[in-house]
Amino acid sequence: MENNNRKRRYWQANLRLVAGCLLVWFTVSFGFGILLVEWLNQVQFFGFELGFWFAQQGSIVCFIGLIFFYAWRMNHLDREHGVEED
Amino acid sequence: MELKTLTYLVVGASFVLYIGIAIWSRASTTGDFYVAGKGVHPLANGMATAADWMSAASFISMAGLIAFLGYDGSVYLMGWTGGYVLLALLLAPYLRKFGKFTVPEFIAERYDSRAARIVAVVCLIVISFTYVAGQMRGVGIVFSRFLEVPIGLGLVIGMGIVFVYAVLGGMKGITYTQIAQYCVLIFAYTVPAVFIALQITGMPIPQIAFGSTVQGDSVYLLQKLDQIVTALGFPAYTSGTKGTLDVFCITAALMIGTAGLPHVIVRFFTVPKVRDARYSAGWALFFIGLLYLTAPAVGSMARLNLTETIQTGTVGAESANLLYEDRPSWFRTWEATGLLEFNDLNDDGRVQYYNDQNPEFAPRAEMYGWNGNELRVDPDIMVLANPEIASLPGWVIALVAAGGIAAALSTAAGLLLVISAAVSHDLLKGVLMPHISERKELLAGRISAAFAIVIAGFLGYYPPAFVAQVVAFAFGLAAASLFPPILLGIFSKRINKEGAIAGMVTGLVFTYAYIEYFKGLFLRWAGSPWAEDVAENWLFGVSPEGIGTIGALLNFAVAISVSHLTAAPPAKVQELVEHIRYPR
């Protein structure tokens with residue numbers, strides 16, 4: 001029973017983490033790069049209009065950071081809930 | 001040394017390297033053949049995944065497409081990278097925990113159904129063959145341009161190389177050759193980009209040069225590009241012309257499709273642990289990002305270079321257009337291939353390159369005595385011609401040829417392997433002959449890989465439609481057929497086989513029919529598309545490139561509704577779902 005509860009808590013924590021990461025994923029690409037692009041383009045970011053930068057470079061940089069962040073957090077969660085591989 | 005000899009040497013050396021690696025890493029068990037014995041370091045797997053993923057389309061075509069599309073080209077940049085986030089967060093760690101060999105095998109066990117396995121095999125084979133046809137075509141083009149051999153012979157050579165290391169080495173051989181191929185292709189992509197960035201902006205790092213000011217001027221590269229192209233009647237480089245919903249759907253279809261491509265998914269079966277699968281996806285995207293962050297820079301600089309070569313001064317001044325007599329040597333080289341065409345419409349001996357489809361610009365063009373756009377440039381040549389445009393030494397040009405071939409071969413090999421695994425492991429061992437011995441299964445895998453190579457070569461010689469369209473089709477299908485049942489299979493215990501099969505069939509049929517309707521894909525032999533491929537005819541304004549998103553949504557909707565109308569899956573399936581959710 002204790003084991004089942006622990007597993008359920010682990011899965012819930014995982015789902016929360018995934019949801020948070022996917023929210024960032026959606027915001028930087030579909031949000032900043034597509035839906036809000038015109039609005040963000042009013043801002044100059046170094047040599048770029050900001051919306052254009054997110055669409056062509058910024059989103060990719062965020063994706064890379066996001067995956068490493070997720071991997072690091074998940075490996076931490078595995079240990080915290082005692083479900084890590086040996 | 002003559003350029004051709006040099007190219008033969010560099011490309012030949014890369015082939016020797018690949019074959020050497022293949023012999024060193026022969027596969028001896030089915031585990032080696034399908035998943036490289038599950039012993040690949042996550043960083044190495046990330047590099048191999050990057051080569052597996054970056055195809056001839058990424059290496060040769062993408063920067064050129066972006067050069068002419070400007071902001072609209074962002075769909076490829078975001079679409080072909082964002083899928084890795086979905087893979088890393090939603091699929092890879094769980095499929096690694098499942099710990100078997102193929103994607104249809106997961107579908108079969110999760111849905112406890114042989115029928116579902118067969119449907120998944122059909123989806124996988126259709127997706128992979130359409131994709132591999134594009135790669136073989138890319139190999140043929142590079143061979144014919146740089147080595148001046150006929151496309152057919154180029155294909156046979158390419159097939160021979162893939163044959164050696166895919167058939168001999170299986171996944172193990174492919175993994176280590178892909179690592180070598182990644183190094184070749186990223187070096188070949190970066191070197192010309194660095195030189196061109198230096199020439200244009202004085203900043204050697206192309207990713208940063210993209211946002212820098214141009215040499216000897218205080219204006220930013222992108223601002224200058226916007227000025228130059230709008231002065232010729234083109235839409236501004238940094239703003240889009242496609243509908244927002246369409247851009248949204250194309251990006252989503254490419255992302256979901258990436259996450260649903262079997263040859264990418266299966267790479268995450270090769271690492272030792274669940275936590276390795278997570279990091280490995282990050283490394284894969286890091287290595288992909290090195291090229292994908294360079295590509296938009298290359299695209300913008302190539303566009304600037306091309307336009308300034310043709311339009312040498314103020315628009316409208318007579319002497320400001322390039323004299324055809326004085327055209328540079330790369331212009332002549334590519335004219336010979338037919339990928340660059342000049343047609344002197346107003347007989348003034350000068351090249352006019354402008355947007356003759358823009359009604360607002362038409363009166364000005366008439367005033368200048370221009371009689372229509374005289375230059376047609378195939379976007380595919382932008383990357384290949386780049387070193388020549390920037391007058392780089394011969395070895396750089398040879399390197400680009402080797403890089404293009406590496407990109408195409410690495411992807412082709414990955415695709416051929418999943419096809420052969422689907423035949424020998426899923427059809428033969430899974431359905432037809434469950435008691436086949438491991439040695440015989442390995443042999444069957446090798447024979448089906450060999451057959452797949454021959455069919456791929458044939459498809460490369462007689463492509464069903466334009467390569468880019470074929471590849472877009474593969475993504476749409478992967479998004480609409482395979483991604484939903486895998487995702488639902490992990491995150492829901494309620495989805496059953498009836499739902500999964502109904503969903504896959506709906507997604508596949510809907511997406512195929514929509515693309516066929518506008519592109520006339522495999523029925524090319526039967527005639528032209530059924531309807532004109534223009535925005536007025538599209539469903540909700542979504543183009544065939546983006547329809548995979550709608551197909552995936554339909555798949556989800558059908559799978560969930562049908563599952564809730566039928567009985568819940570048996571207890572052993574529920575246990576399997578529990579099992580894959582926890583690393584231990």
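Helix H3 (residues 50-80) of chain A and helix H13 (residues 274-292) of chain B pack at an angle of about 170°, with their axes 9 Å apart. They are therefore roughly antiparallel to each other, a label for angles over 145 degrees, while angles under 35 count as roughly parallel, 65 to 115 as roughly perpendicular and the rest as oblique. Here axes are lines fitted to C-alpha atoms, for helices over the stretch in contact, and angles run from 0 to 180 degrees between N-to-C directions. Helices are DSSP runs (H or I) of at least four residues, strands (E) of at least two, and both are numbered from the N terminus. The crossing of H3(A) and H13(B) is left-handed, which is said if the near helix is turned anticlockwise from the far one by less than a right angle, and right-handed if clockwise.

This is a predicted model: local features need pLDDT of at least 70 and side-chain atom pairs count only at pLDDT 80 or more, whereas totals for chains, interfaces and linings use all residues. Residues are numbered from 1 along each chain as its sequence is written, with chains lettered from A and ligands numbered from 1 in the order in which they are written.

## Where chain A touches chain B

Which residues of H3(A) meet H13(B)? Among them are Ile60(A), Phe63(A), Ile67(A) and Met74(A), and the residues they face in H13(B) include Arg278(B), Gly282(B) and Leu285(B). In total, 35 residues of chain A are in contact with 38 residues of chain B, contact being a pair of C-beta atoms, placed from the backbone, within 7 Å. Helix H1 (2-35), strand S2 (48-49) and H3 of chain A each supply at least two residues of the side that touches chain B. The largest share of that side, 16 residues, comes from H3(A).

Ile67(A), Leu185(B) and Leu416(B) touch the most other members of the largest nonpolar core, which has 230 residues. Such a core is a set of buried Ala, Val, Leu, Ile, Met, Phe, Trp, Tyr and Cys residues joined through C-beta atoms within 7 Å. This core draws at least three residues from each of domain 1 (3-226 + 238-292 + 389-462) and domain 2 (302-387) of chain B.

The centres of these two domains, taken over C-alpha atoms, are 34 Å apart, and 21 residues of domain 1 are in contact with 15 residues of domain 2. H4(B) gives the largest share of the domain 1 side, eight residues. The bounds come from an automatic or database domain assignment.

## An enclosed helix

Is helix H17 (residues 381-389) of chain B enclosed or open? Nine of its nine residues are buried, so H17(B) is largely enclosed by the rest of the structure. A residue is buried if 20 or more other C-beta atoms, placed from the backbone, lie within 10 Å of its own, exposed if 12 or fewer, and partly exposed in between. Just after H17(B), Ser391(B) takes a positive phi of about 45°.

Definitions and conventions. Contact = placed C-beta atoms within 7 Å.
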